[in-house]
Amino acid sequence: MVKLFLKLWVFILLTSLTSFLIQRQVFENTNKQYAANAGQERVRRTFVFLEEALRPYPQAEWSARVDILQKRIGTPAHVQKLDTLALSGELTSGDVEQIAGGHVHLRPLPDGSGQMMYRTLFDTDQVAVLLAPAPVQPLVFGIFRPIVFTWMVESTLYAMALLLWLWVFGRDMKKLDLAAEQVGAGKFDGSLKMRASSALRPIADSFNRMTERIGKLVHSQRDLTNAVSHELKTPLARLRFAISLAEDAQTTGEREQLLKKMHQDVDELDALVQEMLLYSRLERNAAAPQIALQPVPVESWLPNAVEDEIEAAQASDINIPVAVDSNIADAACEPKYMARAVQNMVRNALRYAK
């Protein structure tokens, strides 16, 4: 579970980091554009303020007056001649021409702390030079930038949500594991219960259906094994009894009669095997046998079915009188399966009844 958490957490962290980088780039570009627009308006107003403040004074006093006005402007400022700007090497000839044309020129400082602003005063060769410092972004707890702190909080919340989900998922997986161990130990009567909102609820429902089906198949196989041993004992006992009688038979007619009985027992064994195979196919959801119920005389199948059981009983020194009620003429049934039911009932009575 720890490895699964780490894998998912790294995946979410990388996704969050990608989102953070995209957002930061978008925010920075937007802020730069906004700052540029706002800065240009502020620069225009600052130069307008300087010109209005210097208008009453002669040009020779402009430099001294600008030094005094620095406090009101809130930024370092001075007045410089246009020709000295070209000699200082800070500006190119194109920049100087732009300033000479009355336009505002902005020169970012190399250290990123702000930018220098240039514009001529009253279309003269006197240039007002102002320093516009870059706005300082406040830090959260004095350490983190707001966007970085937001990303850290967002990632932590993702981790907490993921940990909670994995804890619930691991608990459900433990239930599934215990249920699988019980099924492996041969216990099919249990039921795996999951919350309706659980991600493993469909698997739990399928597992319960599978467990129920396996339990039915195991019990069916056990019942089939018991039925096979139960059904095969009687014809085998009759066959063994007929063989012993045939060994002591005195005439050919008696032997033929006993051989006929033995053939009937062999046929019954074969029919039993076919019935067991049919039962096994039914347990595998194969096609059900077609049973056509029709009125048939009881005397056509009942005496023969009971006679076989009586002969088997005689091998154990048990005598059973047989009488068919003459008032029952016909019965709607399938003679083969009805005879098997009667045989089972008589056989169980011989074995267990007192």
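Helix 6 bends by about 25° at Lys233, and a proline, Pro235, follows within four residues. The model is predicted. Helix 6 covers residues 201-247, a run of 47 residues. From the first C-alpha to the last, helix 6 reaches 69 Å, close to the 69 Å expected at 1.5 Å a residue.

Of the 354 residues in the chain, 29% are buried. The accessible surface amounts to about 23,600 Å², and carbon and sulfur atoms account for 60% of that area. Among contacts between residues at least 6 apart in sequence, 60% join residues at least 24 apart.

The chain has one aromatic pair. Trp62 is in helix 2 (residues 62-73), whereas Phe122 is in the loop between strand 3 (114-120) and strand 4 (126-133). The pair therefore ties together parts that are 60 residues apart in sequence.

The table lists the accessibility of the two partners.

| Residue | Relative accessibility | Class |
|---|---|---|
| Trp62 | 6% | buried |
| Phe122 | 27% | partly exposed |

Trp62 counts as buried because its 6% relative accessibility falls under the 20% cut-off. Phe122, at 27%, counts as partly exposed, since that class lies between 20% and 50%.

Note on methods: Residues are numbered from 1 along each chain as its sequence is written. This is a predicted model: local features need pLDDT of at least 70, side-chain atom pairs count only at pLDDT 80 or more; totals for chains, interfaces and linings use all residues. Side-chain values use heavy atoms; hydrogens and water are left out. Buried means under 20% relative accessible area, exposed over 50%, partly exposed in between (1.4 Å probe, protein chains only). Contact means heavy atoms within 4.5 Å. Accessible areas come from the Shrake-Rupley method with a 1.4 Å probe; for residues, only the protein chains shown count as cover. Helices (H or I, at least four residues) and strands (E, at least two) are DSSP runs, numbered from the N terminus. The expected span of a helix is 1.5 Å times one less than its number of residues. The bend at a residue is the angle between axes fitted to the seven residues ending there and the seven starting there. Rings of Phe, Tyr and Trp (its six-membered ring) pair if their centres lie within 6.5 Å; planes under 30 degrees apart count as stacked, over 60 as edge-to-face and the rest as tilted.
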